[in-house]
Amino acid sequence: MKERIGYVAWVVGVAQFFVVQGIVESAWVRPAYSWARNNISDLGNVHCGLRTWPEPRYICSPEHGLMNGSFIALGVLLVVGFVLTGGAGGVGGAGGGVLWRGGRVAVSAWMLLVSGGAGFLLIGLAPTDVHKGLHVVGAALIMGSGNVGLVLAGFGLADRVPRPLRRVTGLLGVVALLAFGLFLSGHYLGLGMGGMERVAAYPFLFWAAALGVRGCALRAGRTRAAVPEAGAGRARAGAGPSGG
């Protein structure tokens, strides 16, 4: 049950983030919000005005409170998911757990991913036009620590996780780290500032959502399988030999 709640937390956290993001984007009037031109964090800016870093653009997000609340909820749910699916011996123990192997690589991956989740919480609490320094730290945790965690998770996930999923996990981390480097250097490869930032930030979220959906589906399948077995056991008990 604990692990199932963790998987659900990931799915709910990521789903609400993208739903709220769409709502907040639609509230922009002049200029319209652009995935290429605007940072993700522009949606949470408290004040309207011209920004010059890292690229010039005018920002005015009427629903910034809703977006920052979504960032906070996402961060909390990601961290909760990691704690419930990897805590209490689920990572780092001699035999690892359902999701993680034992050993230092798994522990390092888990800790870095937790810090990445905490980064979303921090950027929600510290909008970039209010607490820029803390906001930058949060972004670095997401796109730096979180993505390094993805790379290590490709080696730290348990053998019961399908090999293709483990390989994709590591590949997502590599791609996201490269995108983070390009974003910092101002090389957007035609995607725009916001587009490259999303290539650096979203793989973490897509991975958590995919793992959460898989975990929920597996748990549901095991529950359905257990119900007929329990019923069959009671039937056998009831059909036992009767006294003469």
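A salt bridge is here a side-chain nitrogen of Lys or Arg within 4 Å of a carboxyl oxygen of Asp or Glu. The structure is a predicted model, in which local features need pLDDT of at least 70 and side-chain atom pairs count only at pLDDT 80 or more, while totals for chains, interfaces and linings use all residues. Residues are numbered from 1 along each chain as its sequence is written, and side-chain values use heavy atoms, with hydrogens and water left out.

**Exercise 1.** Work out which parts of the chain the salt bridge between D42 and R57 ties together.

*Solution.* Begin with the pair itself: the side chains of D42 and R57 meet in a salt bridge at 2.7 Å, N to O. D42 lies in the loop between α1 (2-26) and β1 (49-51) and R57 in strand β2 (residues 57-59), so the pair ties together parts that are 15 residues apart in sequence. Finally, both D42 and R57 are buried, where buried means under 20% relative accessible area, exposed over 50% and partly exposed in between, with a 1.4 Å probe and protein chains only.

**Exercise 2.** Describe the salt bridge between R51 and D129, and then the network that includes D159.

*Solution.* The side chains of R51 and D129 meet at 3.5 Å, N to O. Because R51 lies in strand β1 and D129 in the loop between α3 and α4, this pair ties together parts that are 78 residues apart in sequence. D129 counts as partly exposed, at 21% relative accessibility. Turning to the network, R101, D159 and R166 are linked by salt bridges, and the one between R166 and D159 has an N to O distance of 3.9 Å. Here R166 counts as buried at 12% relative accessibility, whereas D159 counts as exposed at 54%. A search of the whole structure finds four salt bridges.

**Exercise 3.** Determine how helices α3 and α4 are arranged relative to each other.

*Solution.* Two packed helices are described by the angle between their axes and the distance between the axes. The axes are lines fitted to C-alpha atoms, for helices over the stretch in contact, with angles from 0 to 180 degrees between N-to-C directions. The axes of α3 (residues 104-125) and α4 (residues 132-156) come within 7 Å and cross at roughly 150 degrees. That makes α3 roughly antiparallel to α4, since angles over 145 degrees count as roughly antiparallel, under 35 as roughly parallel, 65 to 115 as roughly perpendicular and the rest as oblique.

Key:
Helices (H or I, at least four residues) and strands (E, at least two) are DSSP runs, numbered from the N terminus.
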